[in-house]
Amino acid sequence: MTTNELHLSKGSTANAQYTLDIDPKRAGWAHSSLRIVELPPDGTHLFTTGDSEWIVLPLQGGCTVRTEGQEFQILGRESVFSGVSDFVYVPRDAQAQIASGAGGRFALAGAKCERRLPARYGPAPEVPVEDRGSGTSARQVRNFASAAAFDCDKLIAVEVITPGGNWSSYPPHKHDEHRPGEESELEEIYYFEIDGPNGIGYQRVFPSREGGTDVLAEVRSGDAVLVPDGWHGPSIAQPGHDMYYLNVMAGPGETREWRICFHPDHTEGYR
């Protein structure tokens, strides 16, 4: 795929339902999906999960999720920069309705799966928050649906806040091979928001094999970058503008795990 096909600018995948809509067919892979839905005050959105499991995650605002005969109240948040949010897991082969009295923006992170797990609420206080790196590579990782924090069949999803001027997703790392105990094969979507008007960031992906993915993208709020393979990182935040990204991952492995390999030329003094 070309850089233009892997760096998806805001609005380039929009349709009547979603401001961003990335499914496996659009991405050219087999597992990972991401949708963003914007609701006006008193707005509702009905969706069918099909062969995928989904997490409804507020980016701005709160909502009610009704599915499987249950109703879940999500308090949400003012913005992705204001803190961790609660969320709801919706299983495959189900219908779900999102309703928001005040309106808002909501991410639907999805992955094709086999097991049908129960619908569940994920409280914000139970989301593990990790300070990773130091100095100019310091960032905050919100492991709301990491493999260790929340049970899904295939889906792995985390949020990262990178302070303005810092690098994250560093050292460059990859997860495009199945090597038991060392590396897991995972497709990945990066979805970006930048704090403040006219803020930008940069995302690098470079080949781990001949003919592999090679992207250097200038990203803005609402953009996404697809990582089907390759070393990815750094993600660079413009000075004075904190950067947020949502990572959505899934792969073919029988075991749901996040195992990565760091680039050997960039690891000294960093993790």
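Leaving aside its neighbours within four places in sequence, which residues is E159 in contact with? I began my notes with this question, and the answer comes after the overall picture.

**Entry 1: the model.** The structure I opened is a predicted model, in which local features need pLDDT of at least 70 and side-chain atom pairs count only at pLDDT 80 or more, while totals for chains, interfaces and linings use all residues. Residues are numbered from 1 along each chain as its sequence is written, and side-chain values use heavy atoms, with hydrogens and water left out.

**Entry 2: the whole chain.** I looked up the secondary structure and found two helices and 22 strands, where helices (H or I, at least four residues) and strands (E, at least two) are DSSP runs numbered from the N terminus. The radius of gyration is 17 Å, close to the 18 Å that the globule rule gives for 271 residues, so the protein is as compact as a globular protein of that length; the radius is taken over C-alpha atoms, and the rule is 2.2 Å times the number of residues to the power 0.38. Of the 271 residues, 55% count as buried, a term that means under 20% relative accessible area, with exposed meaning over 50% and partly exposed in between (1.4 Å probe, protein chains only). I also noted that residues 24 or more positions apart account for 73% of the contacts with a separation of 6 or more, a contact being heavy atoms within 4.5 Å.

**Entry 3: E159.** I found E159 in strand β13 (residues 156-162), buried with a relative accessible area of 1%. To answer my opening question, E159 is in contact with L57, R77, Q140, V141, R142, F144, Y244, Y245 and L246, its neighbours within four places in sequence being left aside. Its side chain makes a polar contact of 2.5 Å with the side chain of R77 and one of 2.7 Å with that of Y244. A polar contact is a pair of N or O atoms within 3.5 Å; within protein, one must be able to donate a hydrogen and the other to accept it, and residues adjacent in sequence count only if both atoms are side-chain atoms.

**Entry 4: E183.** I then turned to E183, which lies in the loop between β15 (173-174) and β16 (187-194) and is buried, with a relative accessible area of 1%. The side chain of E183 reaches the backbone nitrogen of D176 at 3.0 Å and that of E177 at 3.3 Å. I also checked R259, which is 76 residues from E183 along the chain, and found their C-alpha atoms separated by 4.5 Å.

Entry 5: In strand β17 (residues 201-206) I looked up Q203, which is buried with a relative accessible area of 0%, and whose side chain makes a polar contact of 2.5 Å with the side chain of S235. Among the residues that Q203 touches are G233 and P234, and these two are joined by a cis peptide bond with omega of about 5°. P234 is found in strand β20 (residues 231-237).

**Entry 6: backbone geometry.** Most residues other than glycine have a negative phi, and most peptide bonds are trans. I noted a cis peptide bond between Y170 and P171, with omega of about 5°. E68, although not a glycine, has a positive phi of about 55° and is partly exposed, with a relative accessible area of 38%. N198, also not a glycine, has a positive phi of about 65° and is exposed, with a relative accessible area of 74%.
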